[in-house]
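Subject: Structure handover and findings

Hello,

Here is the structure for your files. My notes on it follow below.

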Amino acid sequence: MIAIVDYGAGNLVSVKKAVDWLGQECTITSDPAQVEKATRIILPGVGHFASTAALGRTGLQDAISDAIRRDVPFLGICVGMQWMFERSQESLETAGLGLLAGECERFPENVKSPHVGWNDLEIAPSSPLFRGVSSKSFVYFTHSFRVPLTETTVARCEYGGEFSAAVERDRSFGVQFHPEKSGEIGLKLLNNFCSL
Amino acid sequence: MLTKRIIACLDVDGGRVVKGVQFENLRDAGDPAELAKAHSASGADEIVLLDISAAHQHRTTLLDTVRRAAGQLFVPLTVGGGIRTLEDAAAVFAAGADKIGVNSAALADPALITRIAERFGSQAVVVAIDAKRCEGGLRWEAFTHGGRAAAGRDAIAWAREAESRGAGEILLTSMDRDGTASGFDCKLTRAAADSVRIPVIASGGAGGAQHFVEVFREGHADAALAASIFHYGLSSLGDLKRQLGSQGISVRWPC
């Protein structure tokens with residue numbers, strides 16, 4: 001069972017719909033016990049970085065950390081990816097998971113923010129998440145903060161300079177874009193995650 | 001590079017698409033779910049479902065339509081028309097919409113924008129503005145209720161206020177151009193796009209590929225929306241995107 005983690009921020013229907021479409025069993029849950037039992041974990045996220053504070057309060061963060069230690073595949077989407085890092089300039093008083101080193105930053109003033117729409121990717125060929133997806137593929141973004149390039153970056157995107165579109169460490173992945181809204185490419189990526 | 005978005009709009013009345021678009025291999029050319037899927041397959045970057053039903057009992061029908069359309073659509077779906085409260089918006093999100101569009105209700109109660117944005121995020125809130133030239137074309141006035149009533153607000157000032165209250169995008173329709181197929185109002189679009197930091201979607205007047213080129217180049221639009229254009233000369237969104245690409249406009253193609 002794939003757990004789609006609900007921490008009270010935004011709309012999780014689209015992610016569930018896409019996973020359902022792939023024929024994978026999934027459930028939207030805010031129960032740490034259910035997250036602990038999951039075979040895979042997806043942490044969606046729309047809205048404000050501060051909303052991730054709920055993960056710490058509810059015991060969901062401990063359940064996720066524990067699962068990652070046990071090598072359970074984890075996918076953070078959008079703010080869910082940002083939360084994998086140490087902190088975000090959007091809410092410096094909210095600590096991230098700190099699984100990956102780095103801080104989310106604003107876009108520079110010379111581009112419109114949020115970054116909304118379809119943008120293309122430069123993909124590292126070795127990433128299992130992007131198996132069968134070629135560089136220059138378009139995916140759908142909507143975000144006001146971003147993760148700079150780090151040593152865990154496996155896909156880059158250009159908008160007011162390059163930033164991390166996807167990161168990877170062992171069996172934990174983060175994507176800044178929305179695979180559930182990125183057409184066939186996004187479904188392929190979610191399917192890759194479900195087949196890890 | 002961030003591409004310019006082409007958005008297909010379906011006007012829905014009582015669960016059926018009006019201004020029907022002709023697609024081959026479609027069992028039912030008036031079914032919003034089938035049309036949304038067909039548009040997506042032919043290259044639409046987003047779909048907008050605009051409920052124009054006057055009757056209140058059609059809300060249940062709309063939610064059912066959204067549910068059916070969303071179940072097989074994997075590009076962003078915006079639903080607008082008749083959303084007056086946070087609860088209305090929540091029901092539409094629960095049915096599978098990614099964004100909601102608010103127009104008259106936001107003008108009547110601008111705090112509605114903030115309430116929806118705080119709960120669902122700014123990226124989910126599109127403020128739709130119907131604008132009409134006034135004072136001999138020197139400025140634009142915002143209208144409500146499907147263009148029937150003047151709101152007493154300058155359209156550009158309202159776009160700025162909507163942004164400051166938490167809107168994620170502005171969907172700007174030129175009432176002067178809507179339905180004319182004579183081209184987008186590039187001056188209006190540019191005035192808004194240069195005044196806010198959030199994306200502006202141009203709407204009203206699309207008649208051919210050149211109109212899209214103009215509104216992206218001269219109007220500074222981030223996205224352009226059309227409903228009935230596929231009746232008039234352009235056989236598909238793919239054709240439109242190929243033409244835009246050949247003129248140097250960055251679009252998602254092939255997709």
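First, a definition: a salt bridge is a side-chain nitrogen of Lys or Arg within 4 Å of a carboxyl oxygen of Asp or Glu. A search of the whole structure, over all chains, finds 27 of them.

Some ground rules. This is a predicted model, where local features need pLDDT of at least 70, side-chain atom pairs count only at pLDDT 80 or more, and totals for chains, interfaces and linings use all residues. Residues are numbered from 1 along each chain as its sequence is written, chains are lettered from A and ligands numbered from 1 in the order in which they are written, and side-chain values use heavy atoms, with hydrogens and water left out.

Chain B overall

Chain B has nine helices and 11 strands. These are DSSP runs (helices: H or I, at least four residues; strands: E, at least two), numbered from the N terminus. The radius of gyration of chain B, taken over C-alpha atoms, is 17 Å.

Of the 255 residues, 59% count as buried. Buried means under 20% relative accessible area, exposed over 50%, and partly exposed in between (1.4 Å probe, protein chains only). The accessible surface of chain B is about 9800 Å² (Shrake-Rupley, 1.4 Å probe). Carbon and sulfur atoms hold 49% of that surface. Take contacts in chain B (heavy atoms within 4.5 Å) between residues at least 6 apart in sequence: 63% join residues at least 24 apart.

Salt bridges

Side chains of opposite charge can pair when their charged atoms come close. Here are some of the pairs.

- Glu105(A) and Arg146(A): the closest N and O atoms are 3.2 Å apart. The pair links distant parts of the chain, from strand E6 (residues 103-106) to strand E10 (residues 145-146) of chain A, 41 residues apart. Glu105(A) is partly exposed at 23%, while Arg146(A) is buried at 5%.
- Arg153(B) and Glu161(B): N to O is 2.9 Å. Arg153(B) is partly exposed at 26%. Glu161(B) is buried at 18%.
- Arg242(B) and Asp239(B): the closest N and O atoms are 2.6 Å apart. Both sit in helix H9 (residues 237-246) of chain B, three residues apart, so about one helical turn separates them. Arg242(B) is partly exposed at 44%, and so is Asp239(B) at 22%.

There is also a network in chain B. Salt bridges with shared partners join Arg5(B), Glu46(B), Lys99(B) and Glu169(B).

Helix H1 (residues 32-41) has seven of its 10 residues buried, so it is largely enclosed by the rest of the structure. Among the buried ones are Pro32(B), Glu34(B), Leu35(B) and His39(B). The buried residues of H1(B) pack against E1, strand E2 (16-18), strand E3 (46-51), helix H2 (58-70) and H9. Gly43(B) follows H1(B), with a positive phi near 120°.

Helix H8 (residues 209-217) has buried residues including His211(B), Phe212(B) and Phe216(B). Their cover includes strand E1 (5-13), helix H7 (186-193), strand E10 (200-203), strand E11 (223-226) and H9.

Best regards

Notes:
Rg over C-alpha atoms; globule rule 2.2 N^0.38 Å.
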